[in-house]
Amino acid sequence: MTETDLRLEAVFDPETDGGPGVRLDVFWCAKLAGQDVTRARIQAAIDEGLASLNGAVCRKAGTKLRGGEKLAIGIPRKPGQAAAESGSLGLLYRDEQLIVLDKPAGLTVHPAPGLPEGTLVNRLLHHFPALRDLGGERPGIVHRLDKDTSGLLLVALTEPARLALAADFAARKVRKTYLALVHGRPEGTGGDIRLPIGRDPRHRHKMAVAHKGGREARSRWKLAWTAPDGAASLLEVEIFTGRTHQIRVHLAALGHPIVGDTVYGATPHALWTRRGGPEARLAGRQMLHAWKLAFAHPANGRTLSFRCPPPPDFWRLLLLLGRRTQRVGLVGLPGCGKSTVLGALAEAGYPTFSADAAVAALYAPGGGGAHMLAGRFGEKALAADGSVDKNWLLAAILESEAMRREVMALVHPLVRGDMEAFFAANAQARAAFAEVPLLLESGWPVAEAVDLVVGVRCALQARRQRLTASRGWDDALIDRMDGWQWPEEKKLARCRMVVDNDAGPEALAAKARQVLDTLLDMRRRDVRKRHDWLLAQGYAGKPDVPAGESR
């Protein structure tokens, strides 16, 4: 049975259809004029018995119509051509010779064995029926994009345009630049990849670098951006040849396969998926986008240049990867209320770290601090249970400033290591808080250790009362402990935010929540800033098309 693209029914009316005696094929030519169906195709349909007159098959194209006849016809599909299907095209530019469109990811360009429908070509035949006259299985197609690659695609609408554009592609006169989000960070800021590509001998559905028997392939890449954690980088990739899967193969050979590419980066993709969260969900396809396209118009030689930003899944993933945990240090003098603030932050669901708790673990039996102090000062540094003897330690550091500095030099690197491990373990959190009383005085490069510092301020008399009641410290010990830190004014001057503890625990917890609101506002401003950068670079936003041309 012959498959048809169109089937129409009509009644011949001499008054409106040209008068008595009109030929059957001429009648159908008039009716199908808007469909760009040639008279030869109509005659072929009649010859194949796809036309009927008053319910009976009519195979004579020259049959004369008198009036009132009930007619029907089916237009056969051209051999080797696909059926027309409705569907959006993402059209960016159109003239009489060609169109440029933004192909969505997930759409195959042309039919193939086992895939006769649901392709871009099927949609093109619906919107541009005259493409059938170009013949073949890929009418108008002069270059291709992989199914899961989005972006700019050029299609010829006439045979002369197709021949001219195909020749320019073959002569490497067409400029094509892609955006590729790859795993990790390539060395350097860019480079040329000149590696021949051929069929993978072990997996025939794949391509591979083939030094023997492969075809010349050249790609040039430029580093555009790297995520703060180094997990992924955005590359601009210009290709000078058009081998199948060229960019995917070349970047995999570089050691940095495209994010989401399960064929040429299966292992990195599996590790990426384990990250979970929106980053994993958005990378459900290869993050490759045909970004720029420039070519000479086949009719007049004018250079047409296009730039099409990637779809939302691509640029949203860039925004997410650009996000980093706000590492917040919490400081203040003894008894100021830091622990209350830290507790309020923990109750709000944020990860927290306490240097005092870390030191307690280090000084516990078998802890790294106990082992280190015993190795330096002997068994006198330990209590009977193997923990650090805190009374001995306090007396020793009160007696000798040199001793205190030596203990700090031994223990502080261990605390810093624990803090860094804490931040690394919570790298997916919006914010993480580390209470480190001597953060500013420790000699650590603070800008590397945390992103900002929050200080807690409390009146001296209130601190004295609290420390005497909770720890049994007298004024002399409090003054000594304060002396080991910077003066409060100097300490708080280094803080991005200062929380005043002047109205009790409940009010202090409420102020901790205000800190969270401020941090949220900072994150939102950072997102807007990064999105503005994407817009400025053309990595998000609206396409750029030649001025004054139709869309």
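This is a predicted model: local features need pLDDT of at least 70, side-chain atom pairs count only at pLDDT 80 or more; totals for chains, interfaces and linings use all residues.
User: Which residues of helix H9 are buried?
Analyst: In H9, residues 338-347, the buried ones are Lys 338, Val 341, Leu 342, Ala 344 and Leu 345. Buried means under 20% relative accessible area, exposed over 50% and partly exposed in between, with a 1.4 Å probe and protein chains only; helices (H or I, at least four residues) and strands (E, at least two) are DSSP runs numbered from the N terminus.

User: Why are they on the same side of H9?
Analyst: Because they cover an arc of only 160° around the axis, the arc being that of the directions from the helix axis to the C-beta atoms. The face turned away from that buried side carries the exposed residues Ser 339 and Glu 347.

User: And what do the buried residues of H9 pack against?
Analyst: They pack against strands E18 (326-331), E19 (352-354), E20 (431-435) and E21 (452-457), and against helix H18 (505-537), where contact means heavy atoms within 4.5 Å.

User: Switching to charges, how many salt bridges does the structure hold?
Analyst: There are 29, each a side-chain nitrogen of Lys or Arg within 4 Å of a carboxyl oxygen of Asp or Glu. In one of them, the side chains of Arg 327 and Asp 451 meet at 3.1 Å, N to O.

User: Where do Arg 327 and Asp 451 lie?
Analyst: Arg 327 lies in strand E18 and Asp 451 in the loop between helix H14 (446-449) and E21, so the pair ties together parts that are 124 residues apart in sequence. Arg 327 counts as buried at 15% relative accessibility, whereas Asp 451 is partly exposed, with a relative accessible area of 35%.

User: What about Asp 526 and Arg 530?
Analyst: Their side chains also meet in a salt bridge, at 2.8 Å, N to O, and, being four residues apart in helix H18, the two are separated by about one helical turn. Asp 526 is partly exposed at 35%, while Arg 530 counts as buried at 15%.

Conventions. Residues are numbered from 1 along each chain as its sequence is written. Side-chain values use heavy atoms; hydrogens and water are left out.
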